[in-house]
Amino acid sequence: MMRQRRDVVVHRVASIRGLSLEPPAGTFYAWIDCSELIGNDRPFGSDGELAEHLLDKAGVAVMPGSAFLGENAIRISFATSIETLERAFDRIGRSLEGLA
């Protein structure tokens, strides 16, 4: 079941411009690279700003990578139903449309 959820996340992240990830192994968190969206002349100044945007505009809670000593990334849990993941990534995709 977790592998199916992970596969949904991998597929959906790949479909959103500006996001990428290596498929996670042995965990129920995805570390999503957002470096195409963060920095000078980009839509967001930090991964914290991106996380705030996703909460405010998409209603999806993620953790900024900087909370875990990373940068230009977000962390999202896929320990939920596939239906919830699909809805979340629909909203994430809409909220980032045209920004990358």
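Me: Why does Leu 69 count as exposed?
Reply: The model is predicted, so local features need pLDDT of at least 70 and side-chain atom pairs pLDDT 80 or more, while totals for chains, interfaces and linings use all residues. Residues are numbered from 1 along each chain as its sequence is written, and side-chain values use heavy atoms, with hydrogens and water left out. Buried stands for under 20% relative accessible area, exposed for over 50%, and partly exposed for what lies in between (1.4 Å probe, protein chains only). Leu 69 has 84% relative accessibility and therefore counts as exposed. Leu 69 is in the loop between β2 (63–64) and β3 (73–77), and its phi is near 70°, a positive value in a residue other than glycine.

Me: What makes Asp 41 exposed?
Reply: Its relative accessibility is 83%, so Asp 41 is counted as exposed. Asp 41 belongs to the loop between β1 and α2 (47–58). Its phi, near 60°, is positive although the residue is not glycine.

Me: Why is Trp 31 called partly exposed?
Reply: The relative accessible area of Trp 31 is 38%, and therefore Trp 31 is partly exposed. Trp 31 sits in strand β1 (residues 29–33); strands here are DSSP runs of E with at least two residues, helices are runs of H or I with at least four, and both are numbered from the N terminus.

Me: Which residues make the nonpolar surface patch?
Reply: Trp 31, Met 63 and Phe 68 make a patch of about 280 Å². Patch residues have over 30% relative accessible area and no salt bridge; nonpolar side chains (Val, Leu, Ile, Met, Phe, Trp, Tyr) are joined within 5 Å, like charges within 9 Å. A salt bridge would be a side-chain nitrogen of Lys or Arg within 4 Å of a carboxyl oxygen of Asp or Glu. Areas come from the Shrake-Rupley method with a 1.4 Å probe, and for residues only the protein chains shown count as cover.

Me: What makes up the largest nonpolar core?
Reply: A nonpolar core is a set of buried Ala, Val, Leu, Ile, Met, Phe, Trp, Tyr and Cys residues joined through side-chain atoms within 4.5 Å. The largest has 26 residues, and those touching the most other members include Leu 19, Phe 89 and Leu 96. At least two residues each come from α1 (2–14), β1, α2, β3 and α3 (82–96), with α3 giving the most, five residues.

Me: How do you know that β2 and β3 pair?
Reply: Pairing requires that DSSP finds at least two bridges between two strands. β2 and β3 have two bridges, in the antiparallel sense. Met 63 stands opposite Arg 75, and Pro 64 has Ile 74 as its bridge partner. β1 and β3 are joined by five bridges and run antiparallel.

Me: Why are β1 and β2 left without a neighbour on one side?
Reply: The three strands form an open antiparallel sheet in the order β1-β3-β2. β1 and β2 stand at the edges with a single partner strand each, so one side of each has no neighbour in the sheet.
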